[in-house]
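Me: I should like to go through this model term by term. Please set each description against its criterion.

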Amino acid sequence: MTLFEDHLVRDINAGRFGPGTSLVLVTHGLALRIFLMRWFHWSVSDFLQCYNPPNAAPVVLERTISPIAPDGVFDSVDGVFADDAAAVRVHTKALYRLAPASMAVLKGCTERMCYVG
Amino acid sequence: MRVGAAVQATAAAPGGRGASAKRPCRRAPARAPTTAPRSTARDAAASASLDGRVAALLARADAALAAQEAAAAAAAAAAADLRAAVAAAGGAPLPPASLTAAADVADRLERAAGIGASTAAAGRVPSSSPRDARARGEFDARFHSTSTAATPRDLRVLPRRIVLVRHAESQGNVDEMAYTIVPDPQVPLTERGESQARAAGDAVRTLFEADHSPYRLHVYMSPYKRSAQTAAAIAAAFPPGVVVRSQEDVQLREVRGGEGWGGGRAGERPSADVNPTLSPSLHSKTLATSRTRPARNARKRNACALAASSTASRTENRARTCTTA
């Protein structure tokens, strides 16, 4: 799963997905929890306190940053950074969070586990 | 957001960063007017013309300096506002990334305003390298081994959402004996599972259409039949052309621990819905109890009652329950 996420992140940053694209990953209960564990840096005990979601219940990771953020804040021009821009050092995974409704779907998942800490 | 507003205000200020970038601004041109040793009428005329040009250049330099001072004052004010906003938001749970970025912008504003040197002189501890997040013990991807891979250079490439979906109800979820008859990767959905998958498709579509902006889907699925069926039902909920690609990825298959590979008996397969931590007695339950729903529910209650079991026992069971389907 770690490999999958590494590959996915590299694909995302390389521009694999066009504008307006969303991803849907259809997988299994334990695999889904491990995906979240690896994405949000859960500890083992975080992972173990979280239950499998119900069958076919979407768990949504939302992008928290707008590609068209005001220029000054992220030092970007139309979402593209200069080499030394401030936000470039933010990991792609940290730009997503678990939607509140999805946290409710995952029994045992807490607010702290919904973003990269 | 206050942080954004403060910075925008700075960007709108006259001069802005563009002016401060040209800070080493020469007050006087390199070629100063010199009095000609041999004074002729022609030289005098040339000298007057030179004086005029120098005066014009000096006026321009003065204007530039005034603009720069105004910009520096605006930057200082914006930096102060930004610092206050960051301090106020410091207790909020989200979003640390934005706070870091805002603090960094404040650093840069202060440097542009020339505050760094004066405050250091005034005794404030200067941050040695404000741009280096490692100094604060934070993640700075520029110095990460996957630097170019882990951080987006262009935010427009980020998918709007990443939706994870567990497969719909499969025959194995209803009756674990299914795994003894059909190989795990080929266990199909139940009828209820089919309708769950269609409902999931509708839910995902509703989610994407809430924005009223164009969207496309890229679907990844586990190669197991129950996932492929679920993915197909979800994709069927969208109009043609929206799902640009569906691809299997074997890395999305169910994760299984060492004990489960090949040799596990179906009766030893614990329920997928039971938290692995809380299932110390699953292995003692055999085929007879795993068949029916009431028995399974009783097993769950039993498992929850044993939640406070010892760490050793939990570790042991964690290893066993890695075969959860």
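Me: What conventions apply to the model and its numbering?
Reply: This is a predicted model, in which local features need pLDDT of at least 70 and side-chain atom pairs count only at pLDDT 80 or more, while totals for chains, interfaces and linings use all residues. Residues are numbered from 1 along each chain as its sequence is written, and chains are lettered from A and ligands numbered from 1 in the order in which they are written.

Me: Why is Asn13(A) called partly exposed?
Reply: A residue is buried if 20 or more other C-beta atoms, placed from the backbone, lie within 10 Å of its own, exposed if 12 or fewer, and partly exposed in between. Asn13(A) has 19 other C-beta atoms within 10 Å, so the residue is partly exposed. Asn13(A) lies in helix H1 of chain A, and its C-alpha atom is separated by 7.8 Å from that of Thr92(A), 79 residues apart along the chain. Of the 117 residues of chain A, 49% count as buried; in chain B, buried residues make up 30% of the 325.

Me: How do you know that the span of H1(A) agrees with expectation?
Reply: The expected span of a helix is 1.5 Å times one less than its number of residues. The 12 residues of H1(A) (residues 2–13) should therefore span 16 Å, and the end C-alpha atoms are 16 Å apart, which agrees. Just after H1(A), Gly15(A) takes a positive phi of about 85 degrees.

Me: What makes E5(A) and E3(B) edge strands?
Reply: Two strands pair if DSSP finds at least two bridges between them. The open sheet has 6 strands in the order E5(A)-E2(A)-E1(B)-E1(A)-E2(B)-E3(B), with mixed pairing. E5(A) (96–98) and E3(B) each have a single partner strand, so one side of each is left without a neighbour in the sheet. Neighbouring strands are turned by 20 degrees against each other on average, direction ignored.

Me: How do you know that E2(A) pairs with E1(B) and with E5(A)?
Reply: E2(A) (residues 58–63) and E1(B) are joined in the antiparallel sense over 5 bridges, and E2(A) and E5(A), also antiparallel, are joined by 3 bridges. In E1(B), Ile162(B) is the bridge partner of Leu61(A), and Val165(B) stands opposite Pro58(A). In E5(A), Tyr96(A) is the bridge partner of Arg63(A).

Me: Why are the buried residues of H9(B) said to line one face?
Reply: In H9(B), the buried residues are Gly193(B), Gln196(B), Ala197(B), Ala200(B), Gly201(B), Val204(B) and Phe208(B). Seen down the helix axis, these buried residues fall within an arc of 145 degrees (the arc of the directions from the axis to the C-beta atoms), so they line one face of H9(B). On the other side, Glu191(B), Asp202(B), Thr206(B) and Glu209(B) are exposed.

Me: What covers the buried residues of H9(B) and H10(B)?
Reply: Contact requires the C-beta atoms of two residues, placed from the backbone, to lie within 7 Å. The cover of H9(B) includes E1 and E2 of chain A together with E1 and H10 of chain B. The cover of H10(B) includes E1 of chain A together with E1, H9, E2 and E3 of chain B.

Me: Which residues touch the most other members of the largest nonpolar core?
Reply: A nonpolar core is a set of buried Ala, Val, Leu, Ile, Met, Phe, Trp, Tyr and Cys residues joined through C-beta atoms within 7 Å. Of the 56 residues in the largest core, Val24(A), Leu25(A), Val26(A), Val163(B), Leu164(B), Val165(B) and Ile234(B) touch the most other members. Helix H2(A) (residues 29–40) gives the most to this core, with 8 residues. A second, separate core of 14 residues includes Ala72(B), Ala79(B), Ala85(B) and Leu109(B).

Methods: Helix = DSSP H or I, 4+ residues; strand = E, 2+ residues; numbered from the N terminus. Axes fitted to C-alpha atoms, helices over the stretch in contact; angles between N-to-C directions.
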